[in-house]
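Have the model open as you read.

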Amino acid sequence: CAPENPNEIQLIPFLYVGVAILNDGILSDNEMLKMAERHEASGIGRLKASGFLREAYDWWNDAVKKEVQFEDLVECANLLRKNNKWDKKAKEALHHDLMLITTADGLVDLNDGKFIGEKKLQVVDSIMKLFDGEGE
């Protein structure tokens, strides 16, 4: 379930997991690896990163069961926007990370060979609009 008073280190993995699953319905090993790499690049150790990702995955699954995953995504964006560390640079870094996660499995559906890059990029764009106040 959602952590009480989640901090930045909990909110961002939830966005990562949400975008990855919304893209094609699954959370792949490639996407998880890319998420862990992004955490490590920001100075979070591998063990801690995997803990945050596991927590985010559990949170996502709980939110889906309660049918509140989209509300939780909006709330994540709102909480990050209100964070005193949030600025244009942080937003650009998040966008970059989401693009890397989105393209971790390529832009072609591995099951039927269809190009799905446009859909995947629309998911990222929709999430990023939440930070502009346009996606609410």
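How are α1 and α3 oriented to each other? This is a predicted model, where local features need pLDDT of at least 70, side-chain atom pairs count only at pLDDT 80 or more, and totals for chains, interfaces and linings use all residues. Residues are numbered from 1 along each chain as its sequence is written, and side-chain values use heavy atoms, with hydrogens and water left out.

Helix α1 packs on α3 (residues 46-65) at about 60 degrees, so the two are oblique to each other (under 35 degrees counts as roughly parallel, over 145 as roughly antiparallel, 65 to 115 as roughly perpendicular, the rest as oblique). Helices here are DSSP runs of H or I, at least four residues, numbered from the N terminus. Angles run from 0 to 180 degrees between N-to-C directions, and axes are lines fitted to C-alpha atoms over the stretch in contact.

| Helix pair | Angle | Axis separation |
|---|---|---|
| α1 and α3 | about 60 degrees | 8 Å |
| α3 and α4 | about 130 degrees | 8 Å |
| α1 and α2 | about 155 degrees | 11 Å |

On the α1 side, the contact with α3 (heavy atoms within 4.5 Å) includes I9, F14 and L22, while α3 brings in F52, W59 and W60, among others. By class, that contact has 14 nonpolar, 2 polar and 1 charged residues (Ala, Val, Leu, Ile, Met, Phe, Trp, Tyr, Cys and Pro count as nonpolar, Asp, Glu, Lys and Arg as charged, and the others, Gly among them, as polar).

Next comes α3 with α4 (residues 69-82), at about 130 degrees, which makes this pair oblique. W59, W60, A63 and V64 of α3 meet Q69, D72, L73 and C76 of α4.

As for α1 and α2, their angle of about 155 degrees means they are roughly antiparallel. Here I9, P13, Y16, V17, A20 and D24 of α1 touch E31, M35, R38 and H39 of α2. The class tally is 6 nonpolar, 1 polar and 3 charged residues.

Now the largest pocket, which holds about 430 Å³ of space. A pocket is an open set of points on a 1 Å grid where a 1.4 Å probe fits, with protein on both sides within 12 Å along at least five of seven lines; lining residues have an atom within 4 Å of a point. The lining numbers 18 residues, with E8, I12, S42, A93 and D97 nearest the centre. Helices α1 (8-24), α2 (29-41) and α5 (88-102) each supply at least two of the lining residues. By class, the lining has 10 nonpolar, 3 polar and 5 charged residues.

Methods:
Grid points are joined across faces, edges and corners, and a volume is the space filled by probe spheres set on the points.
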